[in-house]
Amino acid sequence: MSLRLRIALAFAILVLTSATCTILIGNAIFGRKARELAQARLELDLEVAREALGAHEASLRTLVASLGMLVARDGGEPDGRLCVEAATGPPFEFVAVLDARRRHATVFGRERCAPLVLDGAAADAWLGSELGRFATTARSAERPRSGTVVLDGPRLCSLAARPLPDGRVLVLGSPLGDRLADLARTLRAGTDAGELPHHASLYLGDALVATTLRPAPPAATRAAPAVVEAVLRNGRSFVSPAPLAAGAVDSAYLPIRDFRGTVVGMIGLGTRQDVYGEIWRRTSLLFTTIIAGGMGFGFLMAWFFSVTLTRPLAELAAGMARVADGELDLEVRVDSADELGRLSQAFNVMVRGVKERDRRLREATSEKLSQVEQQVSVGRLAAGVAHEINNPMTAILSLTMMLRRSLPADDPRRADLDVVVTETQRCRDIVRHLLDFAQQRPPEKRVVDVNDVIRETLALTARYDALQQARVEVRLAEQPLRVDADPKQIQQVFTNLILNAAEALPPGGTITIRSGEDLTGGSVRVEVEDTGRGIPRDCLARVFEPFFTTKGRGKGTGLGLSVSLGIVQKHGGTIDIESEPERGTTVRVALPRAREPRPGAGGA
């Protein structure tokens, strides 16, 4: 998967998750607000219903007061005018004049204005009912009273009563069931009935006795237990918003108390939440559409930014490929000062550095090749010169020694002949070094422990005068360091290095010899470090040249390091020198480590 696609997917996932969370949270908030609005509307409906019932009772009290004035003015038994006068007010079921002392009652019905006169037992039935008890409480009141009573039927009825001057009581009754339709219309006032259809129900206890709902539910319908607990038992109103769904109905219940304050029933209000549910659905749809549109725009921006961000990286990748093909003069364009711009600058700096190092490497390689060619030429010359000089030097040395033995001991010419012998031997040593430098003798390799070779070399060189005055510290690895090499040639290399270090030391100087392996474990490393006078910087590059020496005339042939370099390279190793004037010199020899013998195989 490309970086561009990964960035685009990362942005897309971020936009998708954030948009999804926003939609879910937003819809939850809108739903909660819709339910809060529905509950607030239900609570408002309850207040409207409570006010409507209170207004109805107030109108009943007003009407009963005016009717009482009519009866008190006429005196005697009331006539049909009382029924006609009552018909001008709120809907009523009956008007009655009760006289408890005479056990007498006169009742006017809504359907007929002819008075119904009750005496004796019939009057006692009226006086002994809840209606009579309510009238008794009103006899001592200074103003008309109103309240709710449970009449035979059973039914709930709103009553208003006023005492008359002669001790009788005028009572006006209005059934609550007849108020349900008016109550529903009152709740719908100011709204579109098609949007907020209301219905009202009347309960006597927990039993439904009247409702405006069509079709009407069965007569045995009971209120829910939660409603009964809250309204009938605890005397509190109950609001129950339904979950937001099409056709769902919110309901609220208002307790009805009789004239004693006892809860005897309740009024239930029901409202379909089509409006609030539709508001929630439309708001959620609009909100989701806006977020989805923003999400699509975010996807496009994610792709645009991924293309914008990866274009410089693609240019850098193409530039790296061109640099890998050898185009070291390339520089990428820097268009910004941000991280990508700094990366482009770093790439250009890197290319310039690679170009400079390539130039230096070419120069160093050319110089190394020149040195190798020079050494090859000198080796060939040395081999030829050694063969040409070796035989005459042998003859001169033999004849000189024979001539010296033939002279008397006190002959002064013997001293001259000693000089000839010494110089001839010196020439023979130079010839031997030339032959070694030319590497005419192939190495006889076998697996040896470098630590053992170092110990043997130290034992052989311990008698040299230069080493007698030096302090030698040997720090060899604890484990064997096996290499596949000619031990005599490797010993010659170590001898040259140790003697060179000893000759460069001031009195009391230190030579440190270390052995170990490199970090990969594939090579054996030997270091010979001294605290001598060091090698001047202008001479350090020439130390491996044949016949180059800093020891002075007559103190060296200048072939020791050249021969050592040839031996080490013949064994597939390397030799390096680090030196600081007046601070000492360190020579490092690296040889390939021999393969460990397999279990059961023989080894040297």
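Analyst: Helix H10 (residues 450-461) packs against helix H12 (residues 487-503) at an angle of about 55 degrees, and the two axes are 9 Å apart. Axes here are lines fitted to C-alpha atoms, for helices over the stretch in contact, and angles run from 0 to 180 degrees between N-to-C directions. Helices (H or I, at least four residues) and strands (E, at least two) are DSSP runs, numbered from the N terminus. The angle makes H10 oblique to H12; angles under 35 degrees count as roughly parallel, over 145 as roughly antiparallel, 65 to 115 as roughly perpendicular and the rest as oblique. The crossing of H10 and H12 is right-handed, a term used when the near helix is turned clockwise from the far one by less than a right angle, with anticlockwise giving left-handed.

On the H10 side, the contact uses Val 450, Val 453, Ile 454, Glu 456, Thr 457, Leu 458, Leu 460 and Thr 461. These meet Pro 487, Ile 490, Gln 491, Phe 494, Thr 495, Ile 498 and Leu 499 of H12, where contact means heavy atoms within 4.5 Å. By class, the residues of this contact are 10 nonpolar, four polar and one charged. Ala, Val, Leu, Ile, Met, Phe, Trp, Tyr, Cys and Pro count as nonpolar, Asp, Glu, Lys and Arg as charged, and the others, Gly among them, as polar.

The model is predicted: local features need pLDDT of at least 70 and side-chain atom pairs count only at pLDDT 80 or more, whereas totals for chains, interfaces and linings use all residues. Residues are numbered from 1 along each chain as its sequence is written, and side-chain values use heavy atoms, with hydrogens and water left out.

His 571 sits in the loop between helix H14 (560-570) and strand E17 (574-580). With 6% relative accessibility, His 571 counts as buried; buried means under 20% relative accessible area, exposed over 50%, and partly exposed in between (1.4 Å probe, protein chains only).

Between H4 and strand E4 (145-151), the loop holds Arg 143, which is exposed, with a relative accessible area of 67%. Arg 143 lies 82 residues from Arg 61 in sequence, and their C-alpha atoms are 8.8 Å apart.

Helix H1 (residues 3-74) holds His 56, which is buried at a relative accessible area of 3%. Beyond neighbours within four places in sequence, His 56 is in contact with Pro 90, Pro 91, Ser 158, Ser 174 and Arg 179. Leu 16 is also in H1 and, at 42% relative accessibility, is partly exposed. Not counting residues up to four places away in sequence, Leu 16 touches Met 295 and Phe 299.

In helix H6 (residues 225-233), the residues Val 227, Val 228, Ala 230, Val 231 and Leu 232 are buried. The buried residues of H6 pack against strand E9 (238-240), strand E10 (249-257) and strand E11 (263-272).

Over the whole chain there are 14 helices and 18 strands, and buried residues make up 40% of the 604 residues. The average pLDDT is 79, and 83% of the residues score at least 70; pLDDT is the predictor's confidence in each residue, from 0 to 100. Residues 192-196 have pLDDT below 50, and this stretch has eight contacts in the model beyond near neighbours in sequence. Residues 598-604 are also below 50, with one such contact. Where pLDDT is low, the predicted coordinates should not be read in detail.
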